[in-house]
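Hi,

Here's the structure I said I'd pass along.

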Amino acid sequence: MKITKAVIPAAGFGTRFLPQTKAMPKEMLPIVDKPIIQIIVEELVEAGITDIEIVTGWHKRAIEDHFDKHPELEALLELSGKTKMLEEVRRINALANFIYVRQKGPLGNAVPLFNSLTVVNNEPFVAPWGDDLITASPSRTQQLINAYHKYGGTILGAIKTDNEKDTKRFGYAKGKEVAPGVIEVSEVVEKPGPGMAPSNLAVVSGNLFTPEVFPYLEQAVKNISGREPNYIDALSAMIKNKKGKVYAIELENARYFD
């Protein structure tokens, strides 16, 4: 099945970057002359994604405006003879079919994924986070899609690390290695701590979810008890009930930026 849909969670407050993010969404912070979220969108489009749903909040209108048409600016650029800039502004708007959903429910990374289910229409979808990125060749999105076509099931993007400090920052894939750099996941161990990681594959950024996880995302959001619902909870329940397989893949030629 061809993967054409993506969901970008982008409703967080960006508290780590305050005061810069008090008025500017963290996803709009620039890498040279491009917002982070535009770099992520271009990666998705290059891999064949045509429909991109961005889950936002009331304070994220700058993201919607960035990918929208701007007739006044286009007219000014055309009048000024700034052809290259005009082409770039128009290209951004035409990158994909953009759909915006306001996040509903508590905080937690399972919530924007759950909010998106009616739009993805029971199809597999790619879900990169809107405030970090991975440079890779082939791209992270392309590697996730390639792994889906090879193994089926949900695919988690991971990096190989032996840095003990990372064990306090990331979740680690646990399970059987089915190929070099590929684990069939039995569990994702969140922040195991030094000496406790079950593998050297840290699940960091960008996943591909299949429809089997949808009811478990709903459970994770609706059955919370004193903490933020996490998509890992949904995957753990799905694996436990043997309703779908999950693989973690080492992203090749990759550098992770948070």
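This is a predicted model: local features need pLDDT of at least 70, side-chain atom pairs count only at pLDDT 80 or more; totals for chains, interfaces and linings use all residues.

First, the helix pair. Helix H8 covers residues 214-222 and helix H9 covers residues 231-240; their axes come within 8 Å and cross at roughly 125 degrees. An angle over 145 would count as roughly antiparallel and 65 to 115 as roughly perpendicular, so H8 and H9 end up oblique to each other. The crossing is right-handed. On the H8 side, Tyr 216, Leu 217 and Ala 220 make the contact, and they meet Tyr 231, Asp 233, Ala 234, Ala 237 and Met 238 of H9. By type, that's 7 nonpolar residues, 1 charged and no polar.

Now the glutamates. Glu 43 sits in helix H1 (residues 36-46). Its relative accessible area is 9%, and the cut-off for buried is under 20%, so Glu 43 is buried. Its side chain has a polar contact of 3.1 Å with the side chain of Arg 140. Apart from neighbours within four places in sequence, Glu 43 also touches Ile 134, Ser 139 and Thr 141.

Glu 123 is in a loop, the one between helix H6 (117-120) and strand E6 (125-127). Glu 123 has 16% relative accessibility, so it counts as buried. Its partner is Lys 5: the two side chains make a polar contact at 3.3 Å. Setting aside neighbours within four places in sequence, the contacts of Glu 123 also include Met 1, Thr 4, Pro 211 and Phe 214.

Cheers

Conventions. Residues are numbered from 1 along each chain as its sequence is written. Side-chain values use heavy atoms; hydrogens and water are left out. Axes are lines fitted to C-alpha atoms, for helices over the stretch in contact, and angles run from 0 to 180 degrees between N-to-C directions. Helices (H or I, at least four residues) and strands (E, at least two) are DSSP runs, numbered from the N terminus. Angles under 35 degrees count as roughly parallel, over 145 as roughly antiparallel, 65 to 115 as roughly perpendicular and the rest as oblique. A crossing is left-handed if the near helix is turned anticlockwise from the far one by less than a right angle, and right-handed if clockwise. Contact means heavy atoms within 4.5 Å. Ala, Val, Leu, Ile, Met, Phe, Trp, Tyr, Cys and Pro count as nonpolar, Asp, Glu, Lys and Arg as charged, and the others, Gly among them, as polar. Buried means under 20% relative accessible area, exposed over 50%, partly exposed in between (1.4 Å probe, protein chains only). A polar contact is a pair of N or O atoms within 3.5 Å; within protein, one must be able to donate a hydrogen and the other to accept it, and residues adjacent in sequence count only if both atoms are side-chain atoms.
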